[in-house]
Amino acid sequence: MASVPAVLNSEWTKIRTVSSTTWTLICAFAVTVAMSAALCALLNATFDDLSEAEQATFDPTLVSFSGTVLGQLAMVVFGVLVVGTEYSSGMIRTSLAAVPQRGTLLFSKITVAGVLALVVGLLTSFVSFFLGQALLGDRGTDLGADNVLRAVVGAGLYMGLIAIFSMGVTAMLRSSMLSLGILVPFFFLISQILIAVPYAKDVARYFPDQAGSKIMQVVPEAMGSDPSPYGPWAGLGIMVAWVVAAVLGGYLVLKNRDA
Amino acid sequence: MIELEGLTKRFGSKVAVDHLTCQVRPGMVTGFLGPNGAGKSTTMRMMLDLDNPTSGTVRIDGKHYHELQEPLKYIGALLDAKSMHGGRSAYNNLLCLAQSNRIPSSRVDEVLDTVGLSGVAKKKSKGFSLGMGQRLGIASALLGDPEILMFDEPVNGLDPEGIHWIRNLMKALAAEGRTIFVSSHLMSEMALTADHLIVIGQGRLLADTSMADFIHENSRSYVRLRSPQQERLRDVLHQEGFTAVEADGGTLEIDGATTEELGELAARHQVVLHELSSQRASLEEAFMQMTAGSVEYHAHSGPGGAEPPPTVGAGWGEGWQQPGGTAAPGTTAPGTTTPGSVDGTENKGA
Ligand SMILES: Nc1ncnc2c1ncn2[C@@H]1O[C@H](COP(=O)(O)OP(=O)(O)OP(=O)(O)O)[C@@H](O)[C@H]1O
Ligand SMILES: [Mg+2]
């Protein structure tokens with residue numbers, strides 16, 4: 001049997017020696033922080049124009065993560081490329097010849113890439129939060145307030161989980177192009193649109209991104225949103241269930257198909 | 001030792017490998033021959049556990065591939081398709097493989113040096129030429145210093161110097177007692193490298209024989225004569241009991257005679273000779289005849305196109321004969337060490 005630490009070490013080398021890792025992760029960080037900061041500044045300046053309901057449920061923590069909508073796409077790209085380039089480059093055959101225990105190979109890869117994505121996600125959420133609160137000034141909050149730390153850590157976990165979900169989906173589809181073609185429109189358009197459509201939103205609520213992002217809210221029904229049937233941790237739990245399903249699906253495909 | 005037993009692979013209704021049973025033994029180069037689509041690459045992928053056999057098994061020293069501990073130290077393989085990440089440098093591509101099997105990183109430098117890629121070790125492999133990519137693949141096969149090496153068409157894309165190098169490398173590795181399994185379409189290439197031959201066509205085993213036996217059975221040697229006094233020469237030969245067959249270009253071909261005999265005979269009868277040469281028929285033709293029934297992808301000869309392969313029973317046309325050194329019996333191609341190898345079989349006529 002292959003030695004797991006050796007395989008983890010090898011997967012770490014794979015990740016740190018391709019440039020796509022650096023640019024996707026920098027993108028995820030920069031886009032999230034920049035867009036969140038811009039929205040915080042904008043909302044702070046136009047606070048009086050908000051509806052009464054929105055003002056009453058103003059959630060400074062959630063607002064400081066508004067860039068996640070866009071930044072998560074870079075996390076999707078990171079997750080897709082980590083797995084997908086094995087297929088597009090033909091490296092998968094070499095990798096499997098070196099580590100024929102397919103589960104060990106896939107789970108090592110996802111562990112290394114997942115931990116990296118989680119670390120970058122947490123870094124992004126903390127920087128985004130502090131910068132956002134600074135820009136919100138008096139309307140801001142701080143880490144010590146109720147549930148705020150949970151939301152900030154949760155926002156970081158959310159970013160990492162999105163990347164891991166993408167890795168699982170790509171392992172199932174075995175193609176970077178196909179995975180990007182499905183995941184990017186899904187997270188950026190389909191999910192965002194359906195959540196605003198009556199009836200459709202009752203289903204869309206259980207999508208991984210919609211459920212998972214509940215953890216970033218501190219104020220219930222923040223910014224005039226609908227009440228949801230699950231709390232923040234249950235929402236994250238739903239997202240984790242999606243991630244586990246995707247990774248398991250990826251494992252089954254890798255295990256059973258010809259490379 | 002690699003043992004294949006009833007190995008079968010179906011892709012839908014297409015049978016790519018059909019009940020293949022054979023062994024690949026240590027200490028020699030085993031050539032794995034077959035026309036395009038014969039199932040060579042598929043067989044090799046099944047040996048590495050990359051493709052699941054429909055039925056049958058592969059055992060490597062009695063074990064399944066996935067039971068091997070750190071397999072790169074056991075068996076190294078060069079596959080036919082590209083199998084490295086282009087965005088990573090040659091060095092780093094090999095480093096990840098080495099680390100996964102706990103091979104020291106110093107070995108990466110060693111194999112890069114062996115294949116002559118030290119100078120471009122830090123370059124991204126996507127910029128590599130076909131031959132450089134092939135060398136990188138060979139380096140990855142050598143990485144774990146394995147006892148078994150498998151090469152799928154290693155000469156593909158290599159320059160003549162590279163071809164010469166890989167031939168010698170394979171022979172040297174076999175001489176160290178390792179098992180070398182190499183696929184090719186070219187009989188002539190195998191004649192120069194392999195000690196044993198496994199021939200398949202449409203996934204089925206066609207031959208499993210030593211190279212020497214194959215050459216013995218399939219290569220016909222004869223003497224070619226050309227003379228301005230052809231009629232007289234024929235009479236003389238006839239009187240002495242030789243059977244001369246008239247071939248293209250007004251030459252005569254005589255089986256079972258030596259150049260010495262015929263030269264002296266001509267001198268005795270004062271017949272002028274313009275050519276007296278010993279000839280070997282191409283092993284390529286023997287291979288083509290063997291696989292003729294199982295070639296799937298025939299080229300159609302258009303204007304100036306290639307001739308279709310000869311069918312069984314076709315004559316030994318001029319195009320398949322090899323020019324040996326004039327009046328130099330037993331000449332062999334430079335660099336040839338395999339006993340009984342054919343001269344100049346690469347210069348197959350079009
Ligand atoms: N993944 C696949 N799906 C469907 N058919 C396949 C697949 N791989 C191979 N085949 C078919 O199996 C047959 C054997 O292919 P294979 O690549 O093993 O031949 P080969 O002997 O390596 O040929 P070549 O000399 O051209 O490399 C071919 O007819 C090919 O079309
Ligand atoms: Mg092939």
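This is a predicted model: local features need pLDDT of at least 70, side-chain atom pairs count only at pLDDT 80 or more; totals for chains, interfaces and linings use all residues.
On the side of chain B that touches chain A, the elements giving two or more residues are strand 1 (2-11) and helix 2 (90-100) of chain B, and helix 2 gives the most, with seven residues. By residue class, this side of chain B divides into 12 nonpolar, 11 polar and 10 charged residues.

One salt bridge is found across the interface of chain B and chain A: Lys9(B) pairs with Asp258(A), and their closest N and O atoms are 2.7 Å apart.

The size of an interface is often expressed as the accessible area lost when the parts come together.

| Interface item | Value |
|---|---|
| Residues in contact | 33 residues of chain B, 30 residues of chain A |
| Area buried between chain B and chain A | about 2600 Å² |
| Share of the buried area from carbon and sulfur atoms | 52% |

In chain B, Leu50(B), Arg88(B) and Gln99(B) lose the most area to chain A, and together they account for 21% of what that side buries.

Chain A also carries a nonpolar surface patch of about 530 Å², made by Val69(A), Leu70(A), Phe188(A), Leu189(A), Ile190(A), Ile193(A) and Val197(A). Helix 5 (68-89) and helix 9 (176-194) of chain A are the elements that give two or more residues to this patch; the largest share, four residues, comes from helix 9, the helix in which Ile193(A) lies.

How values were computed: Residues are numbered from 1 along each chain as its sequence is written. Chains are lettered from A and ligands numbered from 1 in the order in which they are written. Side-chain values use heavy atoms; hydrogens and water are left out. Patches are made of residues with over 30% relative accessible area and no salt bridge: like charges are joined within 9 Å, nonpolar side chains (Val, Leu, Ile, Met, Phe, Trp, Tyr) within 5 Å. Accessible areas come from the Shrake-Rupley method with a 1.4 Å probe; for residues, only the protein chains shown count as cover. A salt bridge is a side-chain nitrogen of Lys or Arg within 4 Å of a carboxyl oxygen of Asp or Glu. Contact means heavy atoms within 4.5 Å. Buried area is the accessible area (1.4 Å probe) that two parts lose on being put together, summed over both. Ala, Val, Leu, Ile, Met, Phe, Trp, Tyr, Cys and Pro count as nonpolar, Asp, Glu, Lys and Arg as charged, and the others, Gly among them, as polar.
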